[in-house]
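Please look at the sequence and the structure below before reading on. The paragraphs after them go through the fold step by step.

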Amino acid sequence: MALDPSFIGRTYPPTEPYEVGREKIREFAVAVGDANPAYTDPEAAKALGHPDVIAPPTFPILLSMRASAQVVQDPELGLDYSRVVHGDQKFSYTRPVRAGDRLTVSVTVDNIKSLAGNDVLTVRGEIADESGEHVVTSVMTLVARAADEKAGE
């Protein structure tokens, strides 16, 4: 069943603030194998002009995936999450994510289309700090694979 295209442009309420901690940044940097000292050493980050350690560029996936749950779990959309694969991810920064940031995410359904029987859903997350300053935009493309017609035979 195709996704409801009337969802294009729908924006969901902002998430509760997520406080970015030094340890979370360090854990993420280790998990992705990035040894940049600006991610673990406050002095190295300060030498680069940052007030504290900064997060690797893909760190906001933690927040954007959590926030996109509002969309993918919306029963009115009709998305079968068991068929979803992550198709693409992009980040556009105003500034780096820093330890001590309290970030919220507002998600919007940017596009819904069908390709070869698959539903393609594009969700944009606007990530801002507690003062409302834009930090990063996350654009995620999810592909809901078409049901195998022969599986039910």
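Predicted model: local features only at pLDDT ≥ 70, side-chain atom pairs only at ≥ 80, totals over all residues.

Residues are numbered from 1 along each chain as its sequence is written, and side-chain values use heavy atoms, with hydrogens and water left out.

Begin with the sheet. Helices (H or I, at least four residues) and strands (E, at least two) are DSSP runs, numbered from the N terminus. Two strands count as paired if DSSP finds at least two bridges between them. Five strands make up an open sheet, in the order β1-β3-β4-β5-β2, and the pairing is antiparallel. β1 (18-19) and β2 (84-93) are at the edges with a single partner strand each, so one side of each has no neighbour in the sheet. In general, strands of a sheet pair through backbone hydrogen bonds, either parallel or antiparallel.

β1 is joined to β3 by two bridges, and Glu19 has Arg102 in β3 as its bridge partner. Helix α3 (residues 61-72) packs on the sheet and touches β1, β2, β3, β4 and β5, where contact means heavy atoms within 4.5 Å. The direction of α3 makes about 55 degrees with that of β3; axes are lines fitted to C-alpha atoms, for helices over the stretch in contact, and angles run from 0 to 180 degrees between N-to-C directions.

Eleven bridges link β3 with β4, and one of the pairs is Lys113 with Val120 in β4. Between β4 and β5 (residues 134-144) there are ten bridges. Here Ile127 stands opposite Val136, and Glu126 stands opposite Thr137. Nine bridges then join β5 to β2, with His86 partnered by Leu142 in β5.

How much of β4 and β5 is buried? Buried means under 20% relative accessible area, exposed over 50%, and partly exposed in between (1.4 Å probe, protein chains only). In β4, eight of the eleven residues are buried. In β5, nine of the eleven are buried, so this strand is largely enclosed by the rest of the structure.

The turns come next. The hairpin of β3 and β4 has two residues between the strands, and Ala116 there takes a positive phi near 50 degrees. Most residues other than glycine have a negative phi. Ala116 is exposed, at a relative accessible area of 80%. The hairpin of β4 and β5 has five residues between its strands, and Gly132 in the turn has a positive phi of about 95 degrees.

Last come the salt bridges, each a side-chain nitrogen of Lys or Arg within 4 Å of a carboxyl oxygen of Asp or Glu. The count comes to 14. Arg22 and Asp52 form one of them (3.0 Å, N to O). Arg22 is in helix α1 (residues 22-32) and Asp52 in the loop between α2 (42-47) and α3, so the pair ties together parts that are 30 residues apart in sequence. Arg22 is partly exposed at 46%, while Asp52 is buried at 14%. Another salt bridge joins Arg95 and Glu133 (3.5 Å, N to O). Arg95 belongs to the loop between β2 and β3 and Glu133 to the loop between β4 and β5, so this pair ties together parts that are 38 residues apart in sequence. Arg95, Asp101, Asp129 and Glu133 are linked in a network of salt bridges.
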